[in-house]
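Here's a quick briefing to read with the structure open beside you. Take it one topic at a time and find each residue as you go.

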Amino acid sequence: MTIGISIALILSSLLMILLVLLHKGKGGGLTDMFGGGFSSSFGGSSVVERNLDRLTIITGTVWFVCIIALGLLLKP
Amino acid sequence: MLTALTRAFRTPDLRKKLLFTLGIIALFRLGSVLPTPGVNAENVRTALEQAQAGELGNIYGMVQLFSGGALLKLSVFALGIMPYITASIILQLLTVVIPRLEALKKEGQAGTAKITQYTRYLTIGLAVLQSTAFVALARSGQLFQNSAELPVLLNDDIFTVVTMVITMTAGTAVIMWLGELITDRGVGNGMSILIFTQIIAVFPSELMNIFRSRGWFTFAIVLIVGVFMVAAVVFVEQAQRRIPVQYAKRMVGRRMYGGTSTYIPLKVNHAGIIPVIFASSLLYLPQLVVTLFANSTTPNVVVEWIAQNLATGDTPIYMATFFLLIVFFTYFYVSITFNPVEVSDNMKKYGGFIPGIRPGRPTAEYLNYVLTRLTAPGSLYLGVISMVPIFALALAGASQNFPFGGTSILIMVGVGLDTVKQIESQLQQRNYEGFLR
């Protein structure tokens, strides 16, 4: 049981990293931070981006549930 | 002020943005207190309490500040946004050194997007490194000085450890995503709002610590000093020199264009708090070296010297280095972000000039001259403000993470001002009275 959830957690973590990296970065780096530069928020998101968002949210939920489940299982 | 707030909430799309931001912040805080599976949360709590009662080894000062106490709790979001900040700093520095990155930066929007993408990859790489190092520290019991009898991990077989490392790395990725979501659909810049949240989160407990250990008199003095410092920081942050620019009148067809006079605002502190972050991150390296080599049996002269002079915040050498680094990085960062030649070229293109100065090279030289002189007090101010916690340490006996410490105050005020300004500009699309009058 514990090993199964651990493996699920590892898989969902890896998927999560991959999905986040697939997003187009909108952070803008440090230049935007702390009151420098212009924040350019251009337009809405495309269909691909919206589907990616949905996938990321689903994966994130699975990831979160895995963490809580594993945390409860491992509790002494 | 309050009416402006209610008006902000009455505007439908602004309300949506504000609520979205608050929701993300709540999620973020939740992840910061949720322990990573495999961590013995109770042992961690007792060890933390013991460490706080005693002298907490200040190895993680900056990282701990940016993670809002999540780091030593070994939570899912333990690393916070430190990997992202470090990655941004590294890429910023590399753009000066590597010609290909410099070319990318000059390309404009597409090139900047590519650099951002590199930053994201580097963030994940750094997160893997840092989480591995961190979990290894926790496993060997070096995380807290007194954790020999309190094992931090539940069981330390390799499988659990690997799961923890991967979970923390994914946590960093999630934080990055949350920050980008705020930038995209919420209010303000996501990353800086997340830092802001983490600093605010530890603020009350730090204040209570002072109240409990020092009594109400010191507490009151700290509060008063804090209010004055916030006022001073706001004052300097808002200060700018306005260089007048006159645009020539042009006839295009039958219309008159131009003929307006505006100004270039040059801020006294043009670099923001980035120099402080740069300097702190750089000075974090010697401490890292010391922790890595401290256990070797043969005492090394260099390591010994570093441990004595650079690893703690209260030696004169550390203070002087910190101050000089901040001044240096202020000039460095201003020179990166503001290019006088480019500005003067742009002005010339659109028929603008500074009264009394020829367009072209003389204008660039003039701008450079003004900016250099303006940055001098700016950099000294940054250095002095970030020295405050160290003096507070000496005078009031407060801890290094003194709540009104320089870096945290600079970040709080900077991010707060920025976010309020953004909300205000959104409000002004509907009606003219905003927060700041």
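The side chain of Thr36(B) reaches over to the backbone oxygen of Ser75(B), at 3.0 Å. A polar atom of that side chain also lies 2.8 Å from the backbone oxygen of Leu74(B). Keep in mind that what you're looking at is a predicted model.

- Thr36(B) belongs to a loop of chain B, the one between α2 (12-33) and α3 (41-53).
- Is Thr36(B) buried or exposed? Its relative accessible area is 1%, and buried means under 20%, so Thr36(B) counts as buried.
- Who are its neighbours, once you leave aside those within four places in sequence? Thr36(B) is in contact with Leu74(B), Ser75(B) and Val76(B), and also with Met164(B), Thr167(B) and Met168(B).

**A three-stranded sheet in chain B**

- Chain B has an open sheet of 3 strands, in the order β4-β1-β5, and the pairing is antiparallel.
- Which strands sit at the edges? They're β4 (261-267) and β5 (352-353) of chain B, and each of them pairs on one side only.
- Strand β1 (residues 240-247) of chain B is joined to β4(B) by 7 bridges, with the two running antiparallel.
- Two places to look along that pairing are Pro244(B), which stands opposite Tyr263(B) in β4(B), and Gln246(B), which stands opposite Ser261(B) in β4(B).
- On the β5(B) side, β1(B) pairs over 2 bridges, again in the antiparallel sense.
- Gln246(B) turns up here too: its bridge partner in β5(B) is Phe353(B).

**Helix α13(B) and what follows**

- Helix α13 of chain B covers residues 340-349, and its buried residues are Pro340(B), Ser344(B) and Met347(B).
- After α13(B) comes Gly351(B), which has a positive phi, near 75°.

**Transmembrane regions in the record**

- For chain B, an unreviewed UniProt entry places the feature "transmembrane region" at residues 74-98, 118-138, 158-179, 186-204, 216-236, 315-334 and 378-396.
- How much helix does the model have over residues 74-98 of chain B? That span is 64% helix and 0% strand, with its end C-alpha atoms 36 Å apart.
- Residues 216-236 of chain B are 100% helix and 0% strand, and the end C-alpha atoms there lie 30 Å apart.
- Chain A gets a listing as well: UniProt (unreviewed entry) gives "transmembrane region" for residues 55-74.
- In the model, residues 55-74 of chain A are 100% helix and 0% strand, and the end C-alpha atoms are 28 Å apart.

**Chain B as a whole**

- Count up the elements of chain B and you get 15 helices and 5 strands.
- Chain B has 437 residues, and 48% of them count as buried.
- Take the contacts in chain B between residues at least 6 apart in sequence: 72% of these join residues at least 24 apart.
- The accessible surface of chain B comes to about 21600 Å², and 65% of that belongs to carbon and sulfur atoms.

Note on methods:
Residues are numbered from 1 along each chain as its sequence is written. Chains are lettered from A and ligands numbered from 1 in the order in which they are written. This is a predicted model: local features need pLDDT of at least 70, side-chain atom pairs count only at pLDDT 80 or more; totals for chains, interfaces and linings use all residues. Side-chain values use heavy atoms; hydrogens and water are left out. Helices (H or I, at least four residues) and strands (E, at least two) are DSSP runs, numbered from the N terminus. Buried means under 20% relative accessible area, exposed over 50%, partly exposed in between (1.4 Å probe, protein chains only). A polar contact is a pair of N or O atoms within 3.5 Å; within protein, one must be able to donate a hydrogen and the other to accept it, and residues adjacent in sequence count only if both atoms are side-chain atoms. Contact means heavy atoms within 4.5 Å. Two strands pair if DSSP finds at least two bridges between them. UniProt positions are given in the numbering used here, feature names are shortened, and annotations may be inferred rather than shown by experiment. Accessible areas come from the Shrake-Rupley method with a 1.4 Å probe; for residues, only the protein chains shown count as cover.
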